[in-house]
Amino acid sequence: MPPPIDLLPSLMDGLRRTLVIAAGGSVLAIAFALLAGLGCLSRDPIVRTVARVYIEVFRGTSALVQLFWFYFALPILLGLRLDAMLVGVLVLGLNIGAYGAEVVRSAIESVPAGQVQAAAALSMNRWQTMRYIVLPQAILLMLPPFGNLLIELLKSTALVSMITVTDLTRAGLFLRDDTLRTAEVFGMLLLIYFSLSLMITAVMRGLERWLSHGQDYGGRQ
Amino acid sequence: MNESRPPILRIRDLHKWYDDLHILRGLSCDLRAGEKVAIIGPSGSGKSTLLRLLMTLESPDSGEIEVDGQAMWSTTPAGRTVAAGEDVLRRIRAKLGMVFQHFHLFPHLTVLRNITAAPQIVKGIARDAAERRAGELLEMVGLADKANAYPAQLSGGQKQRVAIARALAMDPSVMLFDEVTSALDPELVGEVQDVLRQLAHQAAMTMLIVTHEMQFAREIADHVMFFDAGTIVEQGAPEQIFSAPKEDRTREFLQRVIDR
Ligand SMILES: Nc1ncnc2c1ncn2[C@@H]1O[C@H](COP(=O)(O)OP(=O)(O)O)[C@@H](O)[C@H]1O
Ligand SMILES: [Mg+2]
């Protein structure tokens with residue numbers, strides 16, 4: 001059986017939305033993960049509490065319910081209606097960011113205490129120690145688990161079909177209804193999602209290789 | 001020697017607890033600028049704890065520490081032990097350098113960057129000036145050819161020599177050495193001791209050296225302190241401590257380490 005290339009054009013719009021949500025969600029997830037992960041380690045108890053509450057709430061409830069909440073409940077409660085694509089980016093960013101925060105926190109904590117002591121003995125303050133000594137070492141530890149989380153995020157983008165977005169999955173469902181070529185359509189979806197996650201893995205591997213030699217505190221010159 | 005100058009290091013009645021472990025029990029001592037002091041004593045007696053307190057890596061429960069006439073920890077009239085303000089602490093810390101038993105080099109930075117990092121980041125020294133100084137220090141510790149190596153590519157002795165150069169790059173007036181040869185293979189001890197000997201020739205450099213190498217302590221120090229159970233049991237000139245210790249505990253300790 002030849003690959004059903006002829007199905008691709010009808011899936012393109014959906015694929016584009018899936019990519020936008022996955023990319024936007026990833027950027028947000030990394031930002032939230034860093035903020036909340038560092039927040040957990042703050043000296044300020046209020047910052048620590050805010051970070052913990054965020055992490056527990058978004059890890060402790062399902063992404064689907066979070067989507068419903070932001071898309072259907074917020075307009076009723078606050079009169080705030082957000083675009084469905086935007087809700088998808090925001091919720092997946094917040095959701096995966098909460099898991100990512102734990103990755104950030106534990107990577108930072110696993111940098112040996114001696115590193116921090118050596119930096120302190122050289123008169124570096126907390127911020128300089130974090131920026132130049134701890135984070136560069138921690139980021140290498142974060143990359144593999146972050147790769148997993150971004151793949152998780154990619155797969156979760158299919159949930160946005162439940163809040164009216166015609167993403168790749170929903171486009172596939174429509175296409176199956178139109179063509180009745182069930183096996184081929186779903187085979188195509190599998191193939192596309194799988195290729196995307198392979199790409200994420202490749203990018204993370206590349207990053208890891210790039211960061212693990214020639215790391216420098218002044219950025220690369 | 002100018003006796004009217006305040007001691008570079010003045011410690012009074014220092015106490016430190018870890019939970020219900022009383023680690024430092026009323027420690028007092030003075031160090032004059034330029035003095036080379038060896039601290040010997042059984043493990044667990046609080047030697048590292050003292051150095052960590054001096055480096056402000058930890059806080060004492062009570063007592064006073066002055067560095068070069070500036071109070072780092074002091075006692076209020078109400079009897080509370082308080083730290084100096086953050087900016088004073090920063091100035092004081094800059095006068096102290098520390099070398100650790102396990103090196104603690106930054107594994108993600110080259111040897112050169114390990115040395116130039118703090119001068120550039122903390123003191124704002126220009127990159128080329130910092131690199132020039134690092135080059136001199138690497139020359140001094142005999143590792144000029146390793147500037148672009150990463151710590152993982154070095155032997156233990158080389159790592160420790162880089163760690164010494166890294167501390168010196170901040171121009172401290174007091175250097176604290178915490179058993180800097182204890183983690184090394186025996187054949188690498190000598191090269192690190194040579195660097196310490198060389199440093200000891202600098203008249204202005206104050207050195208506080210915790211060591212288990214009695215022969216080395218005797219040779220390098222002009223003053224020896226014997227620590228046991230969180231206090232200084234006995235101190236004096238190396239000849240006196242090693243040849244004619246007054247205290248039983250000192251005698252027993254020396255007997256034990258020399259037998260080994
Ligand atoms: N952070 C800590 N928490 C609890 N106990 C500690 C800590 N650091 C050191 N100790 C204990 O304090 C005692 C003295 O330690 P240390 O100053 O390292 O002794 P030394 O350097 O003379 O061998 C040891 O018994 C050690 O187990
Ligand atoms: Mg020790």
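Student: Is Trp69(A) buried, partly exposed or exposed?
Tutor: Let's take the cut-offs, where buried means under 20% relative accessible area, exposed over 50%, and partly exposed in between, with a 1.4 Å probe and protein chains only. The relative accessible area of Trp69(A) is 43%, so Trp69(A) counts as partly exposed. This is a predicted model, in which local features need pLDDT of at least 70, side-chain atom pairs count only at pLDDT 80 or more, and totals for chains, interfaces and linings use all residues. Residues are numbered from 1 along each chain as its sequence is written, chains are lettered from A and ligands numbered from 1 in the order in which they are written, and side-chain values use heavy atoms, with hydrogens and water left out.

Student: Which helix holds Trp69(A)?
Tutor: Helices here are DSSP runs (H or I, at least four residues), numbered from the N terminus. Residues 63-78 of chain A form the one that holds Trp69(A), helix α3.

Student: Now to the ligand. Which helix gives the most to the shell around ligand 1?
Tutor: A residue is near ligand 1 if one of its heavy atoms lies within 4 Å. The surrounding residues include Tyr18(B), Pro42(B) and Lys47(B). Four residues come from the top contributor, helix α1 (residues 47-54) of chain B.

Student: How far is an oxygen atom of ligand 1 from a backbone N or O atom of Gly46(B)?
Tutor: A polar contact is a pair of N or O atoms within 3.5 Å. Ser45(B) has a polar backbone atom 3.2 Å from an oxygen atom of ligand 1. For the backbone atom of Gly46(B), the distance to a ligand oxygen is 3.0 Å.

Note on methods
Helices (H or I, at least four residues) and strands (E, at least two) are DSSP runs, numbered from the N terminus. A polar contact is a pair of N or O atoms within 3.5 Å; within protein, one must be able to donate a hydrogen and the other to accept it, and residues adjacent in sequence count only if both atoms are side-chain atoms.
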